[in-house]
2 protein chains.
Amino acid sequence: MTSSVESYLTRSGSGAFRLPQAPAEPDLLAKYFRGLGDPTRLRILELLSEAEASVGDLVARLGLAQPKVSNHLACLRWCGFVAWRRERRTILYRLTDERVPELIALARGLLRDNAQHVAACRRIDRSC
Amino acid sequence: MTSSVESYLTRSGSGAFRLPQAPAEPDLLAKYFRGLGDPTRLRILELLSEAEASVGDLVARLGLAQPKVSNHLACLRWCGFVAWRRERRTILYRLTDERVPELIALARGLLRDNAQHVAACRRIDRSC
DNA sequence: TACTCATATCAGCCTTGTCTGATACGTTCG
DNA sequence: CGAACGTATCAGACAAGGCTGATATGAGTA
C-alpha cells in the first residue's frame, strides 16, 4: 500500500497548495534519516568511508555478532548507502556516494554545538 | 547511565587507536539523526524554515492533533533543532541553526538519486 | 480571583525496529 | 561431489518510539 514511489509522490497533489520548496516527500526522507539513526550503521559507514571492507572485516573491527552486522548491511543496501562486489569467497562493501560522509560530517558539526541537549534529551517515557 | 556527555565522549579513549576523522560519537549522532527520522518533525522543520510559527499555526497547517505536534516540538527542542519565545499568549517556534535546512536539503539530494531503493526497502519483517 | 485560551504532559495501547542463536544458502576448495 | 568457509536469513523475544484522548499548567483577561 505504501511501497510505491509513484503513489507517494503524487499523494500531495490532490487539491492542496503546492509548497514553495518541495511538496515534501517527508515519509521517504524520514525513512532515509532513520537509515542513519543507528550507531552500528553509522560506524559501518565510517569504516567504509576509509576503505572497502568485507563483512568479516567489519565484524572483527566492530566486535559485533555477524548476523547483526549483516542485518545492518542489508538495511544500508536497501537504502542505497552501500554497494557490494564479490571477491573470491568474500563480499566487499563500499559506499555508493561520496556525499554520504559529507552528510554525516555536516550533522556532526551541528551536533557538536548542542551535544548536551541531545544527550540530556529524556522526555518522560521516551527518548528523543 | 548513558545520559552524560562527558562519560560518552571519553569512552573510546581507553587505550584504542585514535581514528583519523573522529573517535566516533555514534550513539549521540544516531540519536540526532533519529530526531530527523519522523515525517511530522520534518514537516515542522520545513514550515519553520519559512517563518516563525506558533503551535496553533503548525497544528492548522499540518492538520494534526495538537498533542502530537507539541510532542514532536518537545523532541525538536530537546535536540536543539528549534527554540521558542513567548508572544502574548502564544509561543512562537523558530529554527536555531540555518544549517538544519542545509542538512535536510543535502539528504534530499542524496535521496533523489535512489528514492526507489528507499521506498522499496522492505526487509522481511522490518522496514529499513 | 475566577475564567479562558494556548500549550504541555500524561497513561495506555500499539507499531516499528533491534538483538540473539540457529539455520540456510552459495561459492570455493579438496 | 562433498566439505568448509563466508554471508544472509530466519523466528521469537524484547525495547524504543508514536498515537490518542484526557488532563494539567500557566499566562493573559474579565
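Which residue of β3(A) does A:R85 stand opposite? I looked this up at the outset: A:R85 faces A:L92 in β3(A).

**Entry 1: basis of the work**

I note that the model is predicted, that local features need pLDDT of at least 70 and side-chain atom pairs count only at pLDDT 80 or more, while totals for chains, interfaces and linings use all residues. Residues are numbered from 1 along each chain as its sequence is written, and chains are lettered from A and ligands numbered from 1 in the order in which they are written.

**Entry 2: chain A overall**

I took helices (H or I, at least four residues) and strands (E, at least two) as DSSP runs numbered from the N terminus. On this basis chain A holds seven helices and three strands. Read from the N terminus, its elements follow the order α-α-α-β-α-α-β-β-α-α.

I then turned to burial, where a residue is buried if 20 or more other C-beta atoms lie within 10 Å of its own, exposed if 12 or fewer, and partly exposed in between, with C-beta atoms placed from the backbone. Chain A has 128 residues, and 33% of them count as buried.

For contacts I required C-beta atoms, placed from the backbone, to lie within 7 Å. Among the contacts in chain A with a separation of 6 or more, 46% come from residues 24 or more positions apart.

**Entry 3: the sheet of chain A**

I counted two strands as paired if DSSP finds at least two bridges between them. In chain A, three strands in the order β1-β3-β2 make an open sheet with antiparallel pairing. β1 and β2 of chain A are the edge strands, each with a single partner strand, so one side of each is left without a neighbour in the sheet.

I found two bridges between β1 (residues 53-54) and β3 (residues 90-95) of chain A, in the antiparallel sense. Here A:A53 has A:Y93 as its bridge partner, and A:S54 has A:L92. β2 (residues 82-87) of chain A is joined to β3(A) by six bridges, again antiparallel. The hairpin of β2(A) and β3(A) leaves two residues between the strands, and A:R88 in the turn has a positive phi of about 60°.

**Entry 4: the sheet of chain B**

I looked up the strand order in chain B and found β1-β3-β2, an open sheet of three strands with antiparallel pairing. Its edges are β1 (53-54) and β2 (82-87), each with a single partner strand, so one side of each is left without a neighbour in the sheet. I also saw that α3(B) packs on this sheet, touching β1, β2 and β3 of chain B. The direction of α3(B) makes about 90° with that of β3(B); I took axes as lines fitted to C-alpha atoms, for helices over the stretch in contact, with angles running from 0 to 180 degrees between N-to-C directions.

Six bridges link β2(B) to β3 (residues 90-95) of chain B, and two link β1(B) to β3(B). B:Y93 in β3(B) is the bridge partner of B:A53 and also of B:W84, while B:R86 has B:I91 as its partner. In the hairpin of β2(B) and β3(B), B:R88 takes a positive phi near 60°.

**Entry 5: two helices checked for length**

The expected span of a helix is 1.5 Å times one less than its number of residues.

α5 (residues 66-78) of chain A has 13 residues and reaches 18 Å, close to the 18 Å expected. Among its buried residues are A:H72, A:C75 and A:W78. After α5(A) comes A:G80, with a positive phi near 80°.

I defined a nonpolar core as a set of buried Ala, Val, Leu, Ile, Met, Phe, Trp, Tyr and Cys residues joined through C-beta atoms within 7 Å. The largest has 52 residues, and those with the most contacts inside it are A:L29, A:F33, A:A107, B:L29, B:F33 and B:A107. Elements giving two or more residues to this core include α6 (99-113) of chain A and α2 (26-35) of chain B.

I found α6(A) and α2(B) packed at about 100°, with axes 10 Å apart. That makes α6(A) roughly perpendicular to α2(B), as angles under 35 degrees count as roughly parallel, over 145 as roughly antiparallel, 65 to 115 as roughly perpendicular and the rest as oblique. A:A107, A:R108 and A:L111 of α6(A) make the contact with B:L28, B:L29, B:Y32 and B:F33 of α2(B). Not counting residues up to four places away in sequence, B:A107 touches A:L29, A:Y32, A:F33 and A:L103.

Key
Two residues are in contact if their C-beta atoms, placed from the backbone, lie within 7 Å.
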